[in-house]
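Let me put the thing on the screen and then walk you through the inside of it.

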Amino acid sequence: MVQVNFYAAAREAAGSSTLMLPIASLANLIAELNCRDERFKKLLPTCSYLINGEAVQDLNRTLKDHDSVDVLPQFAGG
């Protein structure tokens, strides 16, 4: 199981700050989340992803049991 941590708008779409999911890759995670709530379809393409604290852009990145994935939406600021 992979621990998925959600922040800001992603937390609202997930309805929780954390989920435990049996996911094999970052691409699989995104596909699973898109099926869970329509809001993810617009949100996830703009998110940043951290796996075990490391920024990742490769959607084919393999996930292992006990990995932690942070889903970070773009933040407004100034």
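This is a predicted model: local features need pLDDT of at least 70, side-chain atom pairs count only at pLDDT 80 or more; totals for chains, interfaces and linings use all residues.

**Around the core**

So, start with Phe40: at 1% relative accessibility, Phe40 counts as buried, where buried means under 20% relative accessible area, exposed means over 50%, and partly exposed is in between, with a 1.4 Å probe and protein chains only. Residues are numbered from 1 along each chain as its sequence is written, and side-chain values use heavy atoms, with hydrogens and water left out.

Back to Phe40. What does Phe40 form with Phe6? An aromatic pair, and a tilted one, at 6.0 Å centre to centre with 40 degrees between the planes. For the record, rings of Phe, Tyr and Trp (its six-membered ring) pair if their centres lie within 6.5 Å; planes under 30 degrees apart are stacked, over 60 edge-to-face, and the rest tilted. The structure holds one such pair. Phe6 sits in strand 1 and Phe40 in helix 3, so the pair ties together parts that are 34 residues apart in sequence. Helices here are DSSP runs of H or I with at least four residues, strands are E runs with at least two, and both are numbered from the N terminus. Phe6 is buried too, at 1% relative accessibility.

Now zoom out. The largest nonpolar core has 22 residues, and among those touching the most other members are Phe6, Phe40 and Leu29. A nonpolar core, by the way, is a set of buried Ala, Val, Leu, Ile, Met, Phe, Trp, Tyr and Cys residues joined through side-chain atoms within 4.5 Å. Helix 2 gives the most to this core, with four residues.

Take Leu29: skipping residues up to four places away in sequence, Leu29 touches Val4, Leu21, Ile23 and Val69, contact being heavy atoms within 4.5 Å. Then there's Glu32, in helix 2. Leaving aside neighbours within four places, Glu32 is in contact with Leu21 and Ile23.

In strand 5, Ser68 stands opposite Gln3 and Leu72 stands opposite Ser48.

Methods
Two strands pair if DSSP finds at least two bridges between them.
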